[in-house]
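Here is my note on the structure, as numbered points. Please read it with the model open beside you.

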Amino acid sequence: MLALVEVETSGSPFEKDGRTPTLLYERHIAWRQAAKVSRACQAAFARLGLAIPKWSKATQYKDQGTSAGRLAVIAKARGVNEEVANQSASWGLGQTMGFLYAELGFNSASEMVDHLAGNVAAQLDCLIGELNNKHLVAALNAHEWATVARGYNGAGYAANRYDARLADAWKRWVRKTASTAPPHAPDDLSADEITDLQRKLRRLGYASVGNPDGKFGTKTVGALAQFQAHEGLPVSGRLDAATREALKTAEPIEAPRERKHATAGDLGAAGSKTIRAADRGSLFAWLKGIVGTVLVGGGAADKTGWLDQAQDAIDKANQAKGVWQSFLDLVHPLFAGPASILIGVVLIGAAVGAWFLFDRIKGYRVADHNSGVHAGPSKGE
């Protein structure tokens, strides 16, 4: 049960308001549930981006990376149809789907969600009820993780490695609930062994270890202690025999939901210097592109007589010829020769290249944050 709860919600029963059950809104489920009400209801959800025909990684959870985001999404969906919204989200420690309300003895999804609000025991009751209804209790007790994952998470469980994550969590909870033994004395480690340990910890997601340098400093001790705590081992910060064995079979740690679904906008708002610098660079790139476009467009216009045609049109429209002529006299030297076009093309090319570079930088930074490779706060890098 502890393993299942950890995989589903990392053990967090409520959203940041301290009452709403931890939720995840499923847009493809909303498409299906809204259609049962009416086509108009389905269209209303779709119009607001709250319903899609099929599960899509790109759009499914795009705005649910934080608790505030999830609460905003469910509030928006409830504004269309509260019952459909509650049916279309998973709730609580066991992430029980709202559309299962009848199987769990409720008259509606809204009644079920109200029952789970602020109530950990009720959330566990629903989890147990779902396991019983799906005949998964025996498989869970027998550690048949693939059977449990398939029945609880659906046929696509393998894509998210639910079975492997369940097995890994169970292994760690066995250690955590076992009687603790005093830590072993630290081993004498060579620089190469320390470097290998540091690399292993980074691959497992403990990026606070820093860059591998072969020195067993405070960062390495802290990351190793974090690993031991996560794996249910005695926390010593030392590479004892039990920790060595655990490192051989450990799975990478699962990033928190807020970290896993964070966007560049989220990191920028949190104060990420990398994201803000990249945004400034992108803005500068666009400005260069605009200048280049003006030079190319102006030079081409001058060569094709477009400026003269524009003046004729303005004359015919009885607009201020003197003002136009003054403007033309001012900008004409910029567009007088092919050099302006060449400079404009170079500026546009540089702008496009710079924009892609800064976009790539932001992408790498977000990927590092989502995966947990970047361990510090956003504003600390």
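1. Start with Arg175 and Glu231. Their side chains form a salt bridge, with the closest N and O atoms 2.8 Å apart. This pair links distant parts of the chain: Arg175 sits in helix H10 and Glu231 in helix H12 (residues 218–231), 56 residues apart. Keep in mind throughout that this is a predicted model.

2. Glu231 is buried, at a relative accessible area of 0%. Arg175 counts as partly exposed, because its relative accessibility is 22% and the cut-off for buried is under 20%.

3. The pair does not stand alone. Salt bridges with shared partners join Glu6, Asp168, Lys171, Arg172, Arg175 and Glu231 into one network. In general, side chains of opposite charge can pair when their charged atoms come close.

4. Next, look at Arg172 and Glu6, which belong to that network. Their side chains meet in a salt bridge at 2.8 Å, N to O. This pair also links distant parts of the chain, with Arg172 in helix H10 (residues 162–177) and Glu6 in helix H1 (residues 2–9), 166 residues apart. Arg172 is buried, with a relative accessible area of 3%. Glu6 is buried too, at 18%.

5. How many salt bridges does a search of the whole structure find? The count is 10. One more deserves a look: the side chains of Glu130 and Lys134 meet at 2.6 Å, N to O. Glu130 counts as buried, at 4% relative accessibility. Lys134 is partly exposed, with a relative accessible area of 30%.

6. Now the second largest pocket. Its volume is about 230 Å³. The lining has 13 residues, and Met1, Leu2, Leu140, Asn141 and Trp170 lie nearest the centre. Which helix gives the most to this lining? The answer is H10, with 4 residues. H1, helix H8 (137–141) and H10 each supply at least two.

7. Two backbone points need checking on screen. Ser10 has a phi near 60 degrees, a positive value in a residue other than glycine. Ser10 is in the loop between H1 and strand S1 (23–25). His143 also has a positive phi, near 60 degrees, and is not glycine. The loop between H8 and helix H9 (145–153) holds His143. With a relative accessible area of 33%, His143 is partly exposed.

8. Asp213 is found in the loop between helix H11 (191–203) and H12. What does Asp213 touch, leaving aside neighbours within four places in sequence? Its contacts are Thr195 and Gln198. The C-alpha atoms of Asp213 and Ala191 are separated by 8.0 Å, and the two residues are 22 apart along the chain. Asp213 is partly exposed, with a relative accessible area of 47%.

9. For the overall layout, the protein chain has 19 helices and 3 strands. Of its 381 residues, 41% count as buried. Take the contacts between residues at least 6 apart in sequence: 62% of them join residues at least 24 apart.

10. Finally, confidence. The mean pLDDT of the protein chain is 82, and 78% of its residues reach 70 or more. Confidence is highest in helix H5 (residues 82–87), at 98. Confidence is lowest in helix H17 (residues 306–316), at a mean of 54. Over residues 375–381 the pLDDT is below 50, yet this stretch has 21 contacts in the model beyond near neighbours in sequence. Where pLDDT is low, the predicted coordinates should not be read in detail.

How values were computed:
Residues numbered from 1 in each chain as written. Predicted model: local features only at pLDDT ≥ 70, side-chain atom pairs only at ≥ 80, totals over all residues. Heavy atoms only, no water. Salt bridge = Lys/Arg side-chain N within 4 Å of Asp/Glu carboxyl O. Buried < 20%, exposed > 50% of the residue type's maximum accessible area, 1.4 Å probe, protein only. 1 Å grid on protein atoms, 1.4 Å probe; cavity = no way out; pocket = protein on both sides within 12 Å on 5 of 7 lines; lining within 4 Å. Points joined across faces, edges and corners; volume = space filled by probe spheres on them. pLDDT = per-residue confidence, 0-100. Contact = heavy atoms within 4.5 Å.
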